[in-house]
Amino acid sequence: MSERPRISVVVPAYNEVESLPELHRELVATLDSLGHSWEIVYVDDGSRDGSDELLAKLAASEPRVRGAVLRRNFGKSAALATAFRLVRGEWVATLDADLQDDPAELPKLIDALGQGNDLVSGWKQNRKDPITKTLPSLLFNAVTSIVAGIKLHDFNCGFKLYRREVTDAIEVYGEFHRFMPALAHWRGFRVAEVPVRHRARRFGKSKFGAARFINGFLDLLAAAFISTSALKPLHVFGRIGLAFLVLGVGIGTWFVIQWAGGEPMRVRPLMLLGVGLVLLGIQFVLMGLLGEMIAHQGARADYPVRRRFNAD
């Protein structure tokens with residue numbers, strides 16, 4: 001295990017003790033057929049069904065299996081972030097532990113990665129899920145495509161393949177695992193999508209409820225703001241503040257002109273609105289300045305580099 005593998009496969013698992021043995025057999029068979037050195041990194045996300053013990057046995061029987069067990073259920077993003085710190089491969093593949101992703105489709109993703117892409121996302125073209133999941137997903141993916149500026153059919157597909165540079169450059173937390181293609185695109189990486197086979201769930205039930213769609217849209221707004229405006233919050237809040245200021249000052253100027261023309265100055269609802277807009281505008285500008293101060297403290301200078309020439 002001292003040699004770095006070519007490909008690392010990451011599998012986050014939460015209460016999937018029935019699926020894991022079959023998934024492991026399929027993964028090993030697929031990886032052995034690729035002709036590349038490999039490792040599998042399992043991360044148990046606080047399971048209570050014995051998944052941790054099963055993974056310990058798999059690791060004991062196969063030295064190319066590594067992993068970790070989280071102390072409690074932190075969520076898929078936490079499991080992926082933990083695995084990304086452990087992987088050693090040049091390529092990093094991720095797939096879910098519920099057997100709905102077919103490991104035999106991995107060569108498709110490798111071929112697409114070899115075409116100059118940095119991240120290849122699976123597309124569950126013929127999805128084996130109930131309509132209560134597929135219809136909201138259509139809306140979610142459409143909105144995400146518009147916000148992200150990149151057209152994908154299935155942002156949240158767990159089956160993906162990354163170059164190691166991508167997983168090193170992107171911080172995954174909260175629910176941001178849903179937007180890995182968008183986050184990579186915003187960081188300047190090349191993103192592609194390929195159709196993959198999707199299978200019906202054989203064991204257990206989905207761990208995600210309806211609230212994931214509401215949380216997903218909120219997280220999309222957060223991801224878009226943090227990724228595209230983290231170093232220029234004054235541009236975001238300042239524009240809103242300036243709009244309020246211009247409108248408020250305009251209302252105030254209109255009243256001053258009327259007063260100069262002999263109209264008696266009286267407190268009116270519109271006048272109060274103008275004063276309120278000016279105060280709001282000042283607050284938004286100050287908020288942007290405070291954001292600039294915070295962003296300056298945590299500013300990152302390690303931008304992703306595609307190629308280097310004569311560099312040490």
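1. Let's start at leucine 279, which sits in helix 10, residues 269-297. Together with Val275, Ile282, Leu286 and Leu289, Leu279 makes a nonpolar surface patch of about 440 Å². Keep in mind that we're looking at a predicted model.

2. On to the inside. In soluble globular proteins, nonpolar side chains tend to be buried together. Here the largest nonpolar core has 33 residues, and Ile7, Val11, Ile40 and Tyr42 are the ones that touch the most other members. At least two residues each come from strand 1 (7-13), helix 1 (20-34), strand 2 (38-44), helix 2 (51-61), strand 4 (91-94), helix 4 (106-113) and strand 7 (191-196). The top contributor is helix 1, with six residues. There's another core apart from this one, with 32 residues, including Ala148, Val166, Val191 and Leu220.

3. Isoleucine 40 deserves a click. Leaving out residues up to four places away in sequence, Ile40 touches Val9, Val11, His24, Leu27, Val28, Leu31, Arg64, Val65 and Arg66.

4. One of those contacts, Arg64, also forms a salt bridge with glutamate 62, with the closest N and O atoms 3.0 Å apart. Arginine 64 is partly exposed at 29% relative accessible area, while Glu62 is buried at 15%.

5. Now the aromatics: I'd look through the five pairs in the structure. Phenylalanine 84 and tyrosine 162 pair edge-to-face, 5.8 Å centre to centre with 70° between the planes. Phe84 belongs to helix 3 (residues 76-86) and Tyr162 to strand 6 (residues 160-163), so this pair ties together parts 78 residues apart in sequence. Both Phe84 and Tyr162 are buried.

6. Tryptophan 254 and phenylalanine 255 have ring centres 5.0 Å apart and planes at 75°, so they count as edge-to-face. Trp254 is partly exposed, at 42% relative accessibility, whereas Phe255 is buried at 6%. Elsewhere, Phe237, Phe244 and Phe284 form one aromatic cluster.

7. Back to charges: the salt-bridge count is 17. Aspartate 118 and arginine 163 meet at 3.7 Å, N to O. Asp118 is in the loop between helix 4 and strand 5 (119-124) and Arg163 is in strand 6, so their bridge ties together parts 45 residues apart in sequence. Asp118 is buried, with 15% relative accessible area, and Arg163 is partly exposed at 22%.

8. Two last ones to check. Arginine 164 and aspartate 168 form a salt bridge at 3.4 Å, N to O; they are four residues apart in helix 6 (residues 164-169), so about one helical turn separates them. Finally, Glu26, Asp102, Arg197 and Arg199 are linked in a salt-bridge network.

Notes
Residues are numbered from 1 along each chain as its sequence is written. This is a predicted model: local features need pLDDT of at least 70, side-chain atom pairs count only at pLDDT 80 or more; totals for chains, interfaces and linings use all residues. Side-chain values use heavy atoms; hydrogens and water are left out. Patches are made of residues with over 30% relative accessible area and no salt bridge: like charges are joined within 9 Å, nonpolar side chains (Val, Leu, Ile, Met, Phe, Trp, Tyr) within 5 Å. Accessible areas come from the Shrake-Rupley method with a 1.4 Å probe; for residues, only the protein chains shown count as cover. A salt bridge is a side-chain nitrogen of Lys or Arg within 4 Å of a carboxyl oxygen of Asp or Glu. A nonpolar core is a set of buried Ala, Val, Leu, Ile, Met, Phe, Trp, Tyr and Cys residues joined through side-chain atoms within 4.5 Å. Buried means under 20% relative accessible area, exposed over 50%, partly exposed in between (1.4 Å probe, protein chains only). Contact means heavy atoms within 4.5 Å. Rings of Phe, Tyr and Trp (its six-membered ring) pair if their centres lie within 6.5 Å; planes under 30 degrees apart count as stacked, over 60 as edge-to-face and the rest as tilted.
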